[in-house]
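Subject: Structure handover

Hello,

Here is the structure we spoke about, with notes on what was found in it below. Please read them with the model open.

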Amino acid sequence: MCIFCKIVEGEIPSNKVLENDEFLAFHDINPKAPIHVLVIPKKHIQSFQEVDSNTMANITPFIQEVATKLGIDKSGYRLITNIGYDGGQEVLHLHFHILGGARLKWEHVAEDPKKNI
Ligand code: AMP
């Protein structure tokens, strides 16, 4: 079972922000911003590349509700999902990073942005 499935099952503890039947939001264990929360579907889906449109439709208002609960819906935030090896995905269970609480930089996305152009 993957690490996020274990969090859903309660086998690994998490600092929960919001939960419903389909989705769970919890604080990232290694935050990269003052606010760093992960949103996952409870059912195992490997990545955005495999997700169905119904799940995406349902996760949208859930993410918006999480942002409101975190108090960053007005100040803004970044929503990221890493996909596969080049995307830097380490946990192979679909998750959206919500990053906020500070003015975020937008640089060094690639180690060498000119490579392969
Ligand atoms: P990614 O690199 O997009 O797959 O992101 C995986 C994220 O999961 C990283 O930001 C990790 O810090 C986070 N993470 C891994 N294990 C845990 C855990 N047990 N609880 C909370 N966050 C975790």
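Phenylalanine 23 stands opposite proline 41 in strand 3, where strands are DSSP runs of E with at least two residues and helices are DSSP runs of H or I with at least four residues, both numbered from the N terminus. This is a predicted model, so local features need pLDDT of at least 70 and side-chain atom pairs count only at pLDDT 80 or more, while totals for chains, interfaces and linings use all residues. Residues are numbered from 1 along each chain as its sequence is written, and side-chain values use heavy atoms, with hydrogens and water left out.

Sheet

Strand 2 (residues 23-27) and strand 3 (residues 35-41) are paired in the antiparallel sense over 5 bridges; two strands pair if DSSP finds at least two bridges between them. Alanine 25 has valine 39 of strand 3 as its bridge partner. On strand 3 there is also antiparallel pairing with strand 5, again over 5 bridges, and there isoleucine 35 is bridged to glycine 100. Strand 1 and strand 2 are joined in a hairpin with 3 residues between them, and their antiparallel pairing runs over 3 bridges. In that pair, glutamate 19 is found opposite leucine 24 of strand 2.

Taken together, the sheet is open, has 5 strands in the order 1-2-3-5-4, and is antiparallel in its pairing. Strand 1 (16-19) and strand 4 (77-80) are its edges, each pairing on one side only. On average, neighbouring strands are turned by 20° against each other, direction ignored (axes are lines fitted to C-alpha atoms, for helices over the stretch in contact, and angles run from 0 to 180 degrees between N-to-C directions).

Core

Why is strand 3 largely enclosed by the rest of the structure? It is because 7 of its 7 residues are buried, buried being under 20% relative accessible area, exposed over 50% and partly exposed in between (1.4 Å probe, protein chains only). Ile35, Val37, Val39 and Pro41 point one way from the strand, and His36, Leu38 and Ile40 point the other way.

The largest nonpolar core has 19 residues, and Ala25, Val37, Val39, Val66, Leu70 and Ile98 have the most contacts inside it. Such a core is a set of buried Ala, Val, Leu, Ile, Met, Phe, Trp, Tyr and Cys residues joined through side-chain atoms within 4.5 Å. At least two residues come from each of strand 1, strand 2, strand 3, helix 2 (53-70) and strand 5, with helix 2 giving the most, 6 residues. Alanine 67 lies in helix 2 and is buried, at a relative accessible area of 1%. Its C-alpha atom is separated by 24 Å from that of glutamate 50, which is 17 residues apart along the chain.

Pocket

The lining of the largest pocket comprises 35 residues, with Lys32, His36, Asn82, Gly88 and His97 nearest the centre. A pocket is an open set of points on a 1 Å grid over the protein atoms alone, where a 1.4 Å probe fits, with protein on both sides within 12 Å along at least five of seven lines; lining residues have an atom within 4 Å of a point. Helix 1 (3-9), strand 2, strand 3, strand 4, helix 3 (84-87) and strand 5 (96-100) each give two or more residues to this lining.

Regards
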